[in-house]
Amino acid sequence: MKKVFISIVLFAFTIAGINAQQIQVTGTVTSSMENNMPLPGVTVQIKGTTQGSITDFDGRYSIQVAANDTLMFSYVGMVSETIPVNGRNIIDVGLLMDIARLGEVVVIGYGTESSRLISGSLGVVSESEIRDVPMRTIDGVLQGRSAGVQISQNSGTPGAATTVRIRGNSSISAGNEPLYVVDGIPVTTGNYGQVGFSGQGINALSDINPNDIESITILKDASAAAIYGARATNGVILITTKRGSAQKTSVNFNATYGMQDVENRLEMLNAEQWHELKGTTPADPANVTDTDWLDHVLRSAPMANYELSANGGTESTTFFVSGNYFTQEGVVLGTSYERLNSRLNIDHKVNKNLDIGASLGVSYSLNNRVEGDQSLNAPLANAIANPAIFPVFNEDGSYNEEAPFANPVAIGNEAINEAHSYRTIGNVFGDYRILPNLTFSTKWGFDYLSLREHSYDPTTTRQGARSNGIGIAAQNNVLNIVSNNTLRYNTSFADMHNLNLLAGYSFEIFQRRNLFMRGVDFPNEFFEYLAEAGTISDAYARSLNRGMNSYFGQVRYNYDYRYIFTATARYDGSTKFSENNRYGFFPAASAAWRMSEENFFKALNTPVNEFRWRVSYGITGNDGIPDFAYLALFGGGSNYLGQSGIYPLSLHNPDLKWETTYQFNAGFDIGMWNDRLEISVDYYNNQTQDLLFSRPISMTAGSSSITSNIGELENKGVELSIKTINYETNDFSWSTSFNISRNRNKVLSLYKDQPLDNIGRGSNSVRVGEPIGIFYGFNSLGVDPSTGDMVFEDVNNDGVIDARDRTKIGDPNPDFTGGFGNIATWRNLEFNVFLQFSYGNDIFNGTRIFIESMKGNDNQTTAVLDRWREPGDETHIPRATGRDPNNNNRVSSRFIEDGSYLRIKNVSLSYNFDHALVQRAGMRSARVFITGQNLLTFTNYSGMDPEVNYAGPANLVLGTDFFTYPQVRTVSVGINLGL
């Protein structure tokens, strides 16, 4: 027994000796949030002691410990980790961002930041929010998703341009569109088409595949956007594409197929009603032609999208590669859009100090368009305007051209209007860590757009027959080269102070080369290229080179994550301005106070886990004017008697300078019940000075106008965003998002306060004291029951209705815009519904001027059946008259309608197959879904679509409908497979 006892004691001492033995533990600490980047300066401490170590430049550490000790790893902004040694010699650790305290990491200008350490105003849209949206353009999928961002689909034309406004219109003639930055490189946007289609332009953004997007950040105030200086007045949209991660290669396949149609059609007079209106009888009462022209031009149309992508890699090299094919047939005869996309993103860690990478996106698109709106050769407009008494075809099968307007079916079937877009966007970058906290980054990028347009009207169309065929060939090549170079220093000290310094230099080189040729007199309809044209009626070639260089810097500092300060400055130089004003300085500053981090607030024991106040002020610029407007420009081609000549195009103005916007923003963010409820509120006041505009001058100067800085305007507004997690269990969850914004735009001054008047078909006007683009015309008081004529207000009470009685009759700017979404999941099912709305905006329905005129040859809507016919009739439709001496159809409030609407923008129902079942099939995941877009629109507007503007993204022609291509309703089904 004694021997047994001694043996046990000896064994216990042996075990204790082993546990007390010191061992060497080494390892690497990395950030799990940033592609496993090493973390220098991490504290590694033995629990219960003061003994410890700190990681080096490469995140490595070494420490002597006992085999049964416990190590604690802590780093500013990261969740601390406590790990038992258990006799191991190597312990690698990945630290996570302290999201509960600092929030998710979001992309900002030239970097990233924790959402709760941001003192500016921005909006974030994630990939999951836009995943099932059938819209295949970047700006289209953003609609209604972020407060203060108004996006209008001006028409339903496939691949057409949209209007994007962040916090209102900041200019009357310079650019109002935001700056788009893809993976850190500003990209080319806008319409570079040379063949006019009356507002239905080509959108360069439609070349980018939304499925490649990881996240979108919208910089709205000066503090967030001033880092982009001269082009930041209208906000900045940062687009981050997907990248690979260190994992086994995963493959994803997505497919969608759907059908589109028009939700609302105009009710036009049939043949019998037309004859009754005109007081005529059919030539052959027994064989009356009654053509529904809209039925021949509008159609149900398919759309499809297919995508294959893969991502993966090793600890040193990661990749993301994707390919996409999208096809959309338009609901208007003759329209379609196809696009092929591919993308390759690569990241490689060369060594402990150097990381390099590259991104390349290549696309090709084919846009088949038809003329629209302001054209006598437009299928939709002509289908509305042609009376039903004319047939589509003659008895021999040829197109009938007896109607007052060209046969729309012939145009849709026979006319060729192709736009071929070849696009390449790429960049290469390198990040070199000079010191543990000091990094130099350089990124070189380019955006090359080659747009080729081919148009042909054969003799089988009325327009083509007049000239024995009309052919157009146009080419536009656009190249933008960008270089960004930054030096960033990050440090933390005394466990309380966190500092981030950024200094940078960038330059851009922009080049455009364009050619245009028009030919007529073709042998027959089978020859469509200009080589066969008998006469070249027009031809020109142009070139443009411009540049910009910039110096910028930023300081971000916070004390204990409670008091946050940011200061930004950018110094931009642009060749658009003379040496007098070539450079502009754009500073901004902001501060935030996280009141919820104060001890006194924590002691209150409220359900509020986050309460942050924000304030910012800064200056941004706008250089979006024609190039070299400060110079005295001359044009060639003014020839005389066979001798070449030149003529003046514009006058010299060396004092032309930047438009400058002074922006103030104040807001707060609240999170309650561990962010189950999140509220964000912002107030802004933006004052734009030195508005750029081509003002009229006396012709004695040799020109009718000169580009000058002539006025001021302001935008004031309030934004509210709310996100809630309404219910959450293992089986069921339900979340809601809501945003609403109110912007007030006002012109403060103009050149000699003279209004800019009679703009567009709705007579938009720019006047001091009013918002941009108000409708200015005659105020209609209704129909006089005794005469059947319209009665117009005698504003100046002089007894005469003339131009001096014109007044403000409407405002196309909405009072409120926003969106409302709900996502509910139950086990493997997910239901997502998103509503988008606009309230308080007016529309000038210019279509009605013709189709409710009851004169001329245009067909009319069935509304004219309620016209005035005899004294005593009370109606809103005046009498039918040939000469119309009262000019009942003048621009007046008669054609102003409430354009408010609530639209069920997107509804989707999806099912994720059980993981075990999917694995047995050799896949990672499988999901099927059905989606509807624009399913219902609630509105009082009488036109086909309340979200409309015939002039596209114009600055001053706003809210006007003129035979415009409506948006489409789409129902689609799809599948997502992970392999």
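User: Is Arg 804 buried or exposed?

Analyst: Buried means under 20% relative accessible area, exposed over 50%, and partly exposed in between (1.4 Å probe, protein chains only). Arg 804 has a relative accessible area of 59%, so Arg 804 is exposed. This is a predicted model, in which local features need pLDDT of at least 70 and side-chain atom pairs count only at pLDDT 80 or more, while totals for chains, interfaces and linings use all residues. Residues are numbered from 1 along each chain as its sequence is written, and side-chain values use heavy atoms, with hydrogens and water left out.

User: Which residue forms a salt bridge with Arg 804?

Analyst: Side chains of opposite charge can pair when their charged atoms come close. A salt bridge is a side-chain nitrogen of Lys or Arg within 4 Å of a carboxyl oxygen of Asp or Glu. The partner of Arg 804 is Asp 798, with the closest N and O atoms 3.6 Å apart. Asp 798 is partly exposed, at 34% relative accessibility.

User: How many salt bridges does the structure hold?

Analyst: There are 44. One of them joins Asp 757 to Arg 806, whose closest N and O atoms are 3.2 Å apart. Asp 757 lies in strand 39 and Arg 806 in the loop between strand 43 (790-792) and strand 44 (807-810), so this pair ties together parts 49 residues apart in sequence. Helices (H or I, at least four residues) and strands (E, at least two) are DSSP runs, numbered from the N terminus. Asp 757 is partly exposed at 28%, whereas Arg 806 is buried at 15%.

User: Which residue pairs with Glu 947 in a salt bridge?

Analyst: Arg 903 does, with the closest N and O atoms 2.8 Å apart. Glu 947 sits in the loop between strand 51 (937-939) and strand 52 (960-961), and Arg 903 in strand 49 (residues 901-912), 44 residues apart. Both Glu 947 and Arg 903 are buried.

User: How many residues does the largest nonpolar core have?

Analyst: A nonpolar core is a set of buried Ala, Val, Leu, Ile, Met, Phe, Trp, Tyr and Cys residues joined through side-chain atoms within 4.5 Å. The largest one here has 44 residues, and Ile 172, Leu 294, Ile 384 and Val 766 have the most contacts inside it. Elements giving two or more residues to this core include helix 7 (293-297) and strand 39 (756-759). Helix 8 provides the largest share, four residues.
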